[in-house]
Amino acid sequence: MTDMESVPLSRRVAALVGLLAVAAALAGGHLVAGIVDPDASPLFAVGNSVRDLSPASVTEYAIADLGDLKKPLLFAGIGVVLLVVALAAGLLSRRSPWPGMIIATLVGLAGLLAVLTQPTVGPIGVLAPIASLAGGVLTFRWLHSLARLRIAPPAESEKDEGHPATGRHPSRRRFLFTSLGVTVAAGAAGGAGQLLASRIDVESSRAAVGRLVPAKAAPPIPDGADFRTLGTPPFITPTRDFYRVDTALVAPPKVRAEDWQLRIHGMVDRERTYSFDDIRDRDLVERTITMTCVSNEVGGPYVSTTNFIGVPLRDLLDEAGVRPGADQLFSTSVDGWTAGTPTEAALDPDRDALLAIGMNRQALPVEHGFPARLVVPGLYGFVSATKWVVDLELTTFDAKQSYWLKRDWGQRAPIKTQSRIDTPRGFATFPAGRPVTVAGVAWAQHTGIDQVHIRLDGGPWQRTTLSREVNDQTWRMWHISLDAEPGTHTVEVRATDRDGETQPPQRVPPIPDGATGWHSTQFTVH
Ligand SMILES: Nc1nc2c(c(=O)[nH]1)N[C@H]1C(S)=C(S)[C@@H](COP(=O)(O)O)O[C@H]1N2
Ligand SMILES: [Mo]
């Protein structure tokens with residue numbers, strides 16, 4: 001037989017062996033993950049690891065600029081890499097199965113490592129990447145040996161029986177049928193894994209929370225709080241339009257209210273643990289708050305306003321008894337993301353930071369942090385707004401660094417005063433002889449907006465009309481009517497806050513602690 005081994009597999013067959021081994025590995029892992037722990041799926045874990053190992057600038061770009069394309073692009077990228085690996089494993093193994101088996105083992109070990117580093121995956125979850133590894137290596141070995149039989153010349157006995165008409169070798173059919181079987185089995189296992197994973201039904205847990213009625217409702221939003229008819233956004237952002245920013249590219253964490261717990265510990269007098277019912281059964285307060293993301297470019301969309309419902313964070317921290325010197329409230333999400341909030345801001349009675357469980361009287365949507373999240377008015381989300389929060393540790397800024405701080409974002413990140421032109425949209429055209437309405441929003445949470453000015457074509461600054469203020473943790477709308485000659489015009493906006501600070505003109509990019517500069521837009525009068 002030794003000389004037979006020098007006959008290589010055809011490229012097509014070798015490639016197929018590699019591809020099917022990878023398919024079997026993915027499907028086996030997905031199926032076992034569906035049974036033991038959906039988060040342990042090696043495919044998802046690898047997705048998260050790619051995010052964590054990417055340079056911060058790539059992650060930032062993906063989060064801030066790719067919108068709904070993030071996830072498909074991430075998986076397409078992983079798919080391409082797996083395809084290349086599968087083809088390499090096959091094509092390098094045309095004579096001996098060893099190169100492919102070694103590659104399959106290495107890929108399996110990478111999956112294992114990715115799963116082991118997932119913060120949500122418990123010990124039993126390791127069964128999923130082990131199933132992947134075993135599935136990949138064994139399938140490779142098995143198909144490879146069938147493929148080799150297929151090209152081995154017929155044994156003497158077979159020759160005697162003869163297949164004169166076709167010259168076909170029975171092993172050829174066996175290889176084809178087995179390949180087909182592996183394909184079907186992989187598809188079924190992957191699908192079953194997906195189905196099993198969906199049994200963790202977070203939506204019905206959410207629905208069971210029902211309508212949230214605060215003991216202390218937020219004051220109603222007065223008429224004149226927005227200029228919707230003139231082209232500003234509505235004062236309260238509809239929940240489905242509320243901006244979303246997080247590192248959960250693969251899928252938002254799914255935590256059922258009944259499984260959720262919040263632990264408060266560290267530099268406290270008494271460690272405390274709360275269940276969802278513990279929180280829900282307290283007197284709930286409602287606060288109208290405008291949240292802003294540090295990644296928001298000048299003129300960008302990552303700013304939204306809602307009525308958050310929850311319990312004052314201060315009350316929970318007082319129950320635990322914060323020890324002196326604990327200058328950082330270090331919060332951790334169930335998926336391992338962390339934020340560091342100045343304890344001072346979390347306790348500030350003028351800020352009303354919340355452990356929020358709802359927005360607009362409904363339980364938080366899953367992508368906004370169900371069952372519970374933090375909200376600290378006046379601070380950018382990355383230092384304050386931990387979604388799916390499960391752990392609050394009182395510590396110091398010296399002792400611990402949070403997720404984005406490790407990636408060189410700012411440590412203290414108060415929201416910078418900003419203003420945005422919502423209308424006219426860029427390059428709009430207007431008929432001559434009629435006034436042009438310019439309108440938008442401005443925000444300076446925790447300080448409040450005092451004035452908003454615009455100027456046309458670098459001319460004198462003109463004061464705009466402001467909407468009624470709701471509270472100083474929220475945005476304000478503004479509008480003005482201009483007469484403009486025919487031609488193309490540029491309008492710029494700048495806000496002044498209650499401390500008398502006017503937005504600086506210098507353009508500073510969002511990272512590390514918030515963009516500055518004036519938003520401008522162009523329009524044409526014919
Ligand atoms: N667990 C978790 N919480 C998080 C983040 C995250 O990546 N993971 N991103 C933060 C950032 S940067 C912002 S701006 C807000 C956005 O909250 P939203 O998606 O509800 O608007 O959530 C914060 N909370
Ligand atoms: Mo953010």
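Helices (H or I, at least four residues) and strands (E, at least two) are DSSP runs, numbered from the N terminus. This is a predicted model, in which local features need pLDDT of at least 70, side-chain atom pairs count only at pLDDT 80 or more, and totals for chains, interfaces and linings use all residues. Residues are numbered from 1 along each chain as its sequence is written, and side-chain values use heavy atoms, with hydrogens and water left out.

**View 1. The chain as a whole.** Let's start with the overview: twelve helices and 19 strands make up the secondary structure of the chain. The C-alpha trace spans about 100 × 65 × 40 Å along its principal axes. Of the 526 residues, 50% are buried (buried means under 20% relative accessible area, exposed over 50%, partly exposed in between; 1.4 Å probe, protein chains only). Contacts (heavy atoms within 4.5 Å) between residues at least 6 apart in sequence join residues at least 24 apart in 76% of cases.

View 2. Leu19, Leu83, Leu87 and Leu91 make a nonpolar surface patch of about 290 Å². Patches are made of residues with over 30% relative accessible area and no salt bridge, where like charges are joined within 9 Å and nonpolar side chains (Val, Leu, Ile, Met, Phe, Trp, Tyr) within 5 Å. Areas come from the Shrake-Rupley method with a 1.4 Å probe, and for residues only the protein chains shown count as cover. Helix α4 gives the most to this patch, with three residues. Leu19 sits in helix α1 (residues 11–36) and is partly exposed, at a relative accessible area of 32%. A handy reminder for this view: an α-helix has 3.6 residues a turn, so residues three or four places apart point the same way.

**View 3. Helix α3 and its cover.** Take a look at α3 (residues 56–65), whose buried residues are Thr59, Glu60, Ala62, Ile63 and Ala64. Their cover includes α2 (42–53) and α4 (70–91). After α3 comes Gly67, with a positive phi near 50°. In helix α2 you will find Asn48, which is buried at a relative accessible area of 14%. Leaving aside residues up to four places away in sequence, Asn48 touches Gln118 and Val250.

View 4. Arg256 pairs with Asp259 in a salt bridge whose closest N and O atoms are 2.8 Å apart (the definition asks for a side-chain nitrogen of Lys or Arg within 4 Å of a carboxyl oxygen of Asp or Glu). Both partners are partly exposed, Arg256 at 29% and Asp259 at 48% relative accessibility. Glu258 lies in the loop between α9 (202–209) and β1 (261–266), and is exposed at 52%. Glu258 also belongs to a negative surface patch, together with Asp277, Asp278 and Asp281. Arg263 and Glu271 meet in another salt bridge, at 2.9 Å from N to O.

**View 5. A salt bridge between two loops.** Here Arg498 and Glu469 form a salt bridge, with their closest N and O atoms 3.1 Å apart. This pair links distant parts of the chain: Arg498 is in the loop between β18 (487–497) and β19 (519–525), while Glu469 is in the loop between β16 (465–466) and β17 (476–482), 29 residues apart. Arg498 is partly exposed, at 40%, and so is Glu469, at 30%.

Key
Chains lettered and ligands numbered in written order. Lys, Arg positive; Asp, Glu negative; His and termini not counted. Charge placed at Lys NZ, Arg CZ, Asp CG, Glu CD.
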